[in-house]
Amino acid sequence: MALETLNPRQREAACFGNSPLLIIAGAGTGKTNTLAHRVAHLVLQQVPAERILLLTFTRRAALEMTRRAQRIAGEALKEVKLPWSGTFHSIANRLIRRHCKRVGLDPGFSVLDRGDAADLMDFVRHERGLSRAEKRFPRKDTCLAIYSHRVNTQRSLAETLQTLFPWCAEWEPELTGLFRDYAERKLADQALDYDDLLLYWHAMMADEALAREIDAQFDHILVDEYQDTNVLQAEILQRLRPSGEGLTVVGDDAQAIYSFRAATPENIRGFAAQFDAAVVALEENYRSTQAVLDAANALIAKNLRSRKKNGAKPRYVTLADDASQAQYVVTQVLAARERGVLLRRQAVLFRSSHHSDALELELVRRNIPYVKYGGLKFLEAAHVKDVLAVLRWADNPKNRVAAFRALQLLPGIGPSLAERIFTHFEAEGFAWQGLKSSSLEFDELMRALGNPETPWPGQLGRVRECYEPHLERLYDAAQVRAGDLLQLERISTSFETREKFLTEMALDPPQATSDFAGVPYLDEDYLVLSTVHSAKGQEWEAVYLLNVADGNFPSEFSTGRPELIDEERRLLYVAMTRAKSDLHLLAPLKYYVAQQSRMGDKHVYGAQSRFLTEAVMACLEPLAWGDAYGAEAPLAGKPTVDVASRLRGMWS
DNA sequence: ACTAATGTCCTTTTT
DNA sequence: GGACATTAGT
């Protein structure tokens with residue numbers, strides 16, 4: 001094994017024995033590489049791959065890890081496949097399916113993705129008459145967010161409301177009732193939302209016999225990005241492996257950015273004491289130039305040290321507005337490409353998904369290919385959801401969210417008819433023979449799909465054929481949408497079963513346009529656009545960070561509580577430390593915000609981010625670009641235009 | 001009872 | 001500019 005490429009600390013971590021281990025891995029310190037070496041090391045030590053449980057934040061991360069472990073283990077082994085690697089949620093799904101009888105579930109239970117869960121929440125919301133209240137009741141997404149937070153923190157609803165959703169606090173009694181019904185509905189429908197996956201796993205681990213049985217399945221348990229786990233996940237680990245033997249967790253509390261998902265950095269801070277674990281800290285940064293790290297260090301009082309001593313200071317660029325920000329990025333990106341930096345080695349990062357709107361327009365106009373991560377996914381497109389709903393219903397006849405969506409595709413069927421049809425179907429014992437919608441063709445389709453004998457290949461095509469005639473009636477741009485469905489069909493062929501396809505689509509949807517657009521596109525060069533959250537764990541030669549202004553960094557919604565502000569600072573830290581050598585912090589004087597309360601007030605004047613203190617600014621190169629009108633603009637730092645010497649020069 | 005059209009209010013980030 | 005409620009028209 002190629003251990004000589006590791007530094008002593010990394011090697012220590014990679015070859016560590018069986019007792020509990022905590023690896024603190026600062027940004028860019030070779031975390032993935034170290035963990036991959038550890039996996040390879042274990043495999044070479046004759047630990048069977050199927051006895052290694054690898055929990056990562058995304059499946060992408062898991063794939064990257066196995067890919068590298070494979071390469072490291074080298075020719076010594078034929079193939080390293082880690083069948084038990086994935087997110088907490090996807091592993092939960094598998095364990096629950098395996099033991100579904102023990103927890104009272106049908107083998108074919110459904111996994112609700114975010115949208116499905118919101119739809120179900122909305123259904124109950126209407127059912128309880130909350131939609132037409134005198135004052136506006138929180139909308140479905142907010143309800144779901146509150147629910148989820150309460151579940152994942154295991155704290156009381158009152159506390160959740162008070163700390164994170166104060167504007168909804170007045171609705172506490174109604175929300176309690178809503179959530180009770182929502183949970184009841186899920187039970188009746190044999191449907192699990194994301195939180196349920198953790199809750200069921202958690203509950204299974206409370207059963208001592210079952211916990212020991214699953215525990216015995218694994219020799220080693222490795223958890224990546226441990227700083228972003230929540231209380232529930234930590235308890236699952238604790239119950240699964242109380243001794244901590246063979247348990248390795250990796251993370252960096254300076255990069256904790258998921259508290260909105262109820263993650264708590266206390267998990268990683270308390271781990272060493274909890275399991276009496278050995279701690280190995282990786283501090284040598286291999287990614288960025290010292291100039292980039294200086295700025296990041298100043299931001300968060302860290303001391304990352306680089307091996308790349310030289311390098312230009314990161315730029316702090318003041319621009320007029322959104323449009324010139326887009327212009328700047330395009331200009332710089334193309335210039336860098338001229339210097340030989342491929343587009344795909346450059347990335348544009350932003351706080352919020354819609355911040356890239358103006359830039360995307362410009363990229364399309366200039367014919368620059370790009371791929372966007374984070375934000376809206378393709379699976380959220382209505383027509384894709386429609387087709388999936390038909391399949392989901394076929395997969396689990398009790399899945400009422402899917403049923404309602406599918407039924408309402410038929411002309412003349414709205415909410416109330418759908419309800420009536422479903423009730424009748426329910427009374428018939430969920431037997432497909434008992435389905436009587438308004439369309440014979442549809443009934444027959446469902447009967448065919450509902451028949452376990454029907455082979456999976458071809459099912460999506462069949463749905464598509466029945467659905468396509470409706471496309472034109474339901475939506476505009478039917479052509480484009482039909483194309484998407486073809487893509488979906490292509491993707492579906494790589495899954496062995498319908499259940500696997502549907503579950504994957506819910507738990508691990510294609511992250512970016514490229515995942516859908518197909519493989520050939522990936523051969524081309526493209527610019528990466530990503531939210532900062534989705535950029536975690538990645539690196540690029542050049543990074544352009546949009547809208548660095550108070551209101552985004554930190555977000556205006558986080559200004560209340562100090563611990564939220566801290567997380568916002570870490571978010572900026574994560575963004576900055578993605579850059580290897582070129583870092584551009586862009587600060588438009590005027591940028592557009594998603595329309596808020598006051599009419600006509602579509603843009604906002606960005607004040608300098610409070611995180612850019614004097615110490616940080618000292619590490620940046622200020623620059624005004626284009627026509628940064630607005631003389632009142634708070635240009636930080638030294639003058640950048642030397643008028644004096646020009647004036648003098650005219651007369652010398 | 002469904003569908004389209006109008007009016008009103010907005011809290012980001014993701015498994 | 002989008003989600004969501006309400007209203008008018010079929």
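1. Let's start with a term: a polar contact is a pair of N or O atoms within 3.5 Å; within protein, one must be able to donate a hydrogen and the other to accept it, and residues adjacent in sequence count only if both atoms are side-chain atoms. A handy example is R125, where a polar side-chain atom lies 2.7 Å from a phosphate oxygen of DNA strand C.

2. Before going further, some housekeeping. This is a predicted model, where local features need pLDDT of at least 70 and side-chain atom pairs count only at pLDDT 80 or more, while totals for chains, interfaces and linings use all residues. Residues are numbered from 1 along each chain as its sequence is written, chains are lettered from A and ligands numbered from 1 in the order in which they are written, and side-chain values use heavy atoms, with hydrogens and water left out.

3. Back to DNA strand C. Nine residues surround it, and the closest are R125, H126, R132, R139 and K140 (a residue is near a molecule or strand if one of its heavy atoms lies within 4 Å of it). Of the atoms of DNA strand C that come within 4 Å of the protein, 78% belong to sugar and phosphate. The elements giving two or more residues to this surface are α5 (114–127) and α6 (140–153). Helices here are DSSP runs (H or I, at least four residues), as are strands (E, at least two), and they are numbered from the N terminus.

4. What does the surface near DNA strand C look like by class? There are six charged residues, three polar ones and no nonpolar ones. For the classes, Ala, Val, Leu, Ile, Met, Phe, Trp, Tyr, Cys and Pro count as nonpolar, Asp, Glu, Lys and Arg as charged, and the others, Gly among them, as polar.

5. Now look at DNA strand B. It has 32 residues around it, of which R114, R261, R351, L417 and F557 come nearest. Sugar and phosphate make up 52% of the atoms of DNA strand B that come within 4 Å of the protein. By class, the surface has nine nonpolar, 16 polar and seven charged residues. Helix α18 (residues 415–427) gives the most to this surface, with three residues.

6. Next, the open sheet. Six strands form it in the order β3-β2-β6-β7-β1-β8, with parallel pairing (two strands pair if DSSP finds at least two bridges between them). β3 (85–86) and β8 (278–282) are at the edges with a single partner strand each, so one side of each has no neighbour in the sheet.

7. Strand β1 (residues 21–25) has four of its five residues buried, so it is largely enclosed by the rest of the structure. Buried means under 20% relative accessible area, exposed over 50%, and partly exposed in between (1.4 Å probe, protein chains only). β1 pairs with β8 over five bridges, in the parallel sense, and L22 stands opposite V279 in β8. Four bridges join β1 to β7, also running parallel; there, I23 has V250 as its bridge partner.

8. There is another parallel pair to check: three bridges join β9 (residues 284–289) to β10 (residues 305–308). From β9 the chain crosses through helix α13 (residues 290–300) to β10, a right-handed β-α-β crossover. Right-handed here means that, with the strands pointing away from the viewer, the path from the first strand over the helix to the second runs clockwise.

9. Last, helix α25 (residues 562–576). Its 15 residues should span 21 Å at 1.5 Å a residue, and its end C-alpha atoms are 21 Å apart, so the two agree (the expected span is 1.5 Å times one less than the number of residues). How many of its 15 residues are buried? Eleven are, so to speak, under cover, including L564, I565 and Y573.
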